[in-house]
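Please work through each task with the structure in view before reading its solution.

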Amino acid sequence: MISKTSKFVAEMLGTMVLVLMGCGSAVIAGADGTTGVGLLGISFAFGLSVVAMAYAIGHISGCHINPAISIAMVAAGRMKMDEAIRYIIAQIIGAIIGAGILYIIFMNHPGAEMKEWALGSNGWGTGYLDAYNTTAAFVAEFIFTFIFLMVILGSTSTKNINGGFAGLAIGFSLVLIHIVGIKVTGISVNPARSIGPAIFAGGAALSQLWLFVVAPVLGGVAAAFTYNLLMERPEQAK
C-alpha cells in the first residue's frame, strides 16, 4: 500500500522536474534555432520530462504531474476528489519549486533580465511569439488538452494490452502537441506548469493565467466524458 505522503512527494517532484526541464529548455538552452535547441528541442524537453517521470514515479502516484489530468481522472471515475485535491496541491507546489530553481539559475547569468512572460511563461496576444488572440489561445489549449487526455485515458486503460508503453505514448503526444502549438500559447495543457513561471514573471503572465487553468481543465473533463461515453462504455455493454 503506497502512502498518501509518498504520492504527494512523487507528484511534487515530478511536476518540479517537468517545469524545470521543460521551461528550462526555453530559457537556458535557447530557442533561436541557431545555437539553441529551437522549438523542436523545447517540444522534446517537455515530452521527455514526462517520459522520464512516468517511469520514475508512475508506479507510486500514476505520474499525473498536471491538475487537468487529476481532475479528468475524477470525471472519468478513476480517482476520488479528495485524493485529486492532494495531487493538485502537490503539483502546484512542485511547479513553483521548479520555476524557483529556474529563476535562481537564470538570474545568475550575466545580463539576465526578467522580461514580459519570462521563465517560459505561457501567454498570447501582442508581444507574445506570433501574437495569436484570446480565441485562438483558448481553443488551442482546450483542444490540445482534450487530445492529450484521450491519449492518457486510452494508454492507461486496463483494457490496453500495451499499458507498459503508456509513458512513451503520453510523452510523445506531448511532444506532438508542443510542435504544433508552441507559437500560439507556448503550450500549457497543464495549469501547474503555467502557475509556477507566472508567479515569478508577474505582469501579463499572471493576468493571463486564468486561461491556462480554465481551458485545460475543461478540455480534460471533455476528454473524460468522451472517452467513457463513446469508447469505454460500448465495450462494457457487450
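This is a predicted model: local features need pLDDT of at least 70, side-chain atom pairs count only at pLDDT 80 or more; totals for chains, interfaces and linings use all residues.

**Exercise 1. Helices α3 and α5**

Task: Determine at what angle α3 and α5 pack and how far apart their axes lie, and classify the arrangement.

Solution. 
- Step 1. Two packed helices are described by the angle between their axes and the distance between the axes.
- Step 2. Helix α3 covers residues 67-75 and helix α5 covers residues 134-155; the two pack at an angle of about 60°, and their axes are 11 Å apart.
- Step 3. Because of this angle, α3 is oblique to α5.
- Step 4. The handedness of the crossing of α3 and α5 is right-handed.
- Step 5. From α3, the residues Ala68, Ile69, Ala72 and Met73 meet Thr145, Phe148, Leu149, Ile152 and Leu153 of α5.
- Step 6. Sorted by class, the contact of α3 with α5 holds eight nonpolar residues, one polar residue and no charged residues.

**Exercise 2. Helices α1 and α7**

Task: Describe the packing of α1 and α7 by angle and axis distance, and identify the residues that meet.

Solution. 
- Step 1. Helix α7 spans residues 191-201, and α1 packs with α7 at an angle of about 65°, the axes being 10 Å apart.
- Step 2. The crossing of α1 and α7 is right-handed.
- Step 3. On the α1 side, Thr15, Val19 and Cys23 take part; they meet Ala192, Arg193 and Pro197 in α7.
- Step 4. The contact of α1 with α7 divides into four nonpolar residues, one polar and one charged.

**Exercise 3. The largest pocket**

Solution. 
- Step 1. Two or more lining residues come from each of α1 (4-29), α2 (38-61), α3, α4 (81-107), α5 and α6 (166-185).
- Step 2. By class, the lining of the largest pocket contains 20 nonpolar, 13 polar and four charged residues.

**Exercise 4. The second largest pocket**

Task: Characterise the second largest pocket by its volume, its lining residues and their classes.

Solution. 
- Step 1. The second largest pocket holds about 570 Å³ of space.
- Step 2. Of the 26 residues that line this pocket, Ala26, Val27, Trp117, Gly120 and Ser121 lie nearest its centre.
- Step 3. The elements giving two or more residues to the lining are α1, α2 and α6.
- Step 4. The most is given by α1, with four residues.
- Step 5. The lining of the second largest pocket divides into 14 nonpolar, seven polar and five charged residues.

**Exercise 5. The cavity**

Solution. 
- Step 1. The volume of the largest cavity is about 40 Å³.
- Step 2. Its lining is formed by Lys4, Lys7, Phe8, Glu83, Arg86 and Tyr87.
- Step 3. The elements that give two or more residues to this lining are α1 and α4.
- Step 4. By class, the lining of the largest cavity has two nonpolar, no polar and four charged residues.

Note on methods: Residues are numbered from 1 along each chain as its sequence is written. Side-chain values use heavy atoms; hydrogens and water are left out. Axes are lines fitted to C-alpha atoms, for helices over the stretch in contact, and angles run from 0 to 180 degrees between N-to-C directions. Angles under 35 degrees count as roughly parallel, over 145 as roughly antiparallel, 65 to 115 as roughly perpendicular and the rest as oblique. A crossing is left-handed if the near helix is turned anticlockwise from the far one by less than a right angle, and right-handed if clockwise. Contact means heavy atoms within 4.5 Å. Ala, Val, Leu, Ile, Met, Phe, Trp, Tyr, Cys and Pro count as nonpolar, Asp, Glu, Lys and Arg as charged, and the others, Gly among them, as polar. On a 1 Å grid over the protein atoms alone, a cavity is a set of points where a 1.4 Å probe fits but cannot get out, and a pocket is an open set with protein on both sides within 12 Å along at least five of seven lines; lining residues have an atom within 4 Å of a point. Grid points are joined across faces, edges and corners, and a volume is the space filled by probe spheres set on the points.
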